[in-house]
Amino acid sequence: MDREEPNYFGAGPALLPTEVLQQAARDLINYQNIGIGAGEISHRSSAGAGIITQTKDSLRELLNIPDTHEVFFLQGGGTTGFSSIAANLTAAHVAKTGKPGTPYYVIDGTWSKKAFEEAERLGFNPKVLVNTKDIDGKFGTIPPVEKWNIPENLDDVSYIYYCDNETVNGVEFREFPFDKFPGVEIVSDLSSNFLSKPVDVSKYGLLFAGAQKNVGIAGISIYIIKKTLLKQAPAEKLKELGLHVVPVAFDYPTVVKNDSAYNTIPTFTVHIVNLVLQSLIKKGGLEKQEKENIEKANLIYSTLEKYPTVYNLPVAKEARSRMNVVFTIKDGSLDSEFLSDAESHKLSGLKGHRSVGGMRASLYNAVSLKSTKALAEFLDEFAKKHL
């Protein structure tokens, strides 16, 4: 049950606290002394329902979720949200206005682009609020709101979607940029920075996150939705307007009504999320975790900045992610040597996403300051060798 503490910087599935895995391993064999494991119990049993309730309560405590919002879980990861969000929020807009409305997307990296493309593929006719690549020629900045394509009629906007932290491109929003859109439902993909910092849930219509980045293992996604958005137009009305009807397993009102157990929710996966949440609560909450994350990110970025002839940081300083530090080695022929040397120092998971190449150090909550310091020392040593 013990292991040498890993120095793992993979982007997901990502590192989990060892004590969480140890408890999860025990619970996989025998959960709360009921004689079977947390992965074997029925999702509709009292024990299974208890896992869901406990996890929701832990989320409410950590994020100070107001009574205006509901928490639920869906099978799958963030990609599940790309289609289910477009369908559910459009159905909610139809219920409110009688019209489909137009969803708007902030495209600041790979995952927001994929979300836009999915809404487009399904026929919801989304529009681009801003595409940072069109403005700057690459994903690596967040232009001021004044440069966005703000629609004149906000009443027709069914929702605005953005990814708060782009895992592949290393871009993260520092501030909430949507105060100029009163009355519009804001949707945020928090998959890779979920619970890395406090969030004012009241400002959002919907927040969602795949668990496998910062809060659990692959298998579920976490949703926090404004209760008013659970009032949706009936299937007959949606068909009349030529819209897709939401598949029942991803119909938010149905999932909420059945306490996330309309179909077979993976109770063990949800339980691991709760163990992580309890660990964060015990640690002191999100304010304390954010301070640690800032310290870790500053350490790595400052080390990389010391060697501009060796390392390149492609993201504008004000938009750099604290969770996913992306960088390249200016002499690309050194990439293999860098990764090999890192492995010899027991530093793993540093290879960049296949679509962009380079390197990426993911500094999720479970990555310790000790591991971060070990990486900074290696970055320093490697750079000095190649000055």
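This is a predicted model: local features need pLDDT of at least 70, side-chain atom pairs count only at pLDDT 80 or more; totals for chains, interfaces and linings use all residues.
Let's start with strand 2 and strand 10 (residues 220–226), which pair in the antiparallel sense over seven bridges. Here strands are DSSP E runs of at least two residues, helices are H or I runs of at least four, and both are numbered from the N terminus. Two strands pair if DSSP finds at least two bridges between them.

Residues are numbered from 1 along each chain as its sequence is written, and side-chain values use heavy atoms, with hydrogens and water left out.

Seven strands form an open sheet with mixed pairing, in the order 2-10-9-8-5-3-4. At the edges stand strand 2 (69–75) and strand 4 (127–131); each has a single partner strand, so one side of each is left without a neighbour in the sheet. From one strand to the next, the twist averages 20°. For angles, axes are lines fitted to C-alpha atoms, for helices over the stretch in contact, and the values run from 0 to 180 degrees between N-to-C directions.

So which residues of strand 5 are buried? Seven of the seven, so strand 5 is largely enclosed by the rest of the structure. Buried means under 20% relative accessible area, exposed over 50%, and partly exposed in between, with a 1.4 Å probe and protein chains only. Strand 5 pairs with strand 3 in the parallel sense over four bridges, and Tyr105 has Tyr161 of strand 5 as its bridge partner. Four bridges also join strand 5 to strand 8, again running parallel, with Ile160 opposite Ile186 of strand 8.

Next, please look at helix 3 (residues 78–97), where we find Asn88. At 0% relative accessibility, Asn88 counts as buried. What does its side chain reach at 2.9 Å? The Asn88 side chain reaches the backbone oxygen of Phe250 at 2.9 Å, and also the backbone nitrogen of Tyr252 at 2.9 Å. These are polar contacts: pairs of N or O atoms within 3.5 Å, where within protein one must be able to donate a hydrogen and the other to accept it, and residues adjacent in sequence count only if both atoms are side-chain atoms. Not counting residues up to four places away in sequence, Asn88 touches Gln232, Val246, Phe250, Asp251, Tyr252 and Pro253; contact means heavy atoms within 4.5 Å.

Three strands form an open sheet in the order 11-12-14, with antiparallel pairing. Strand 11 (311–312) and strand 14 (359–362) are the edge strands, each pairing on one side only. Strand 11 and strand 12 (residues 324–329) share two bridges, and Tyr311 has Ile329 of strand 12 as its bridge partner. Helix 9 (residues 286–305) packs on this sheet, touching strand 11 and strand 12, and its direction makes about 15° with that of strand 12.

Last, a helix pair. The axes of helix 1 (residues 18–29) and helix 8 (residues 267–283) come within 10 Å and cross at roughly 145°. Helix 1 brings Glu19, Val20, Gln23, Ala24, Asp27 and Leu28 to the contact, and helix 8 brings Phe268, His271, Ile272, Leu275, Val276 and Ser279. Those residues divide into seven nonpolar, three polar and two charged, where Ala, Val, Leu, Ile, Met, Phe, Trp, Tyr, Cys and Pro count as nonpolar, Asp, Glu, Lys and Arg as charged, and the others, Gly among them, as polar. Thanks, everyone!
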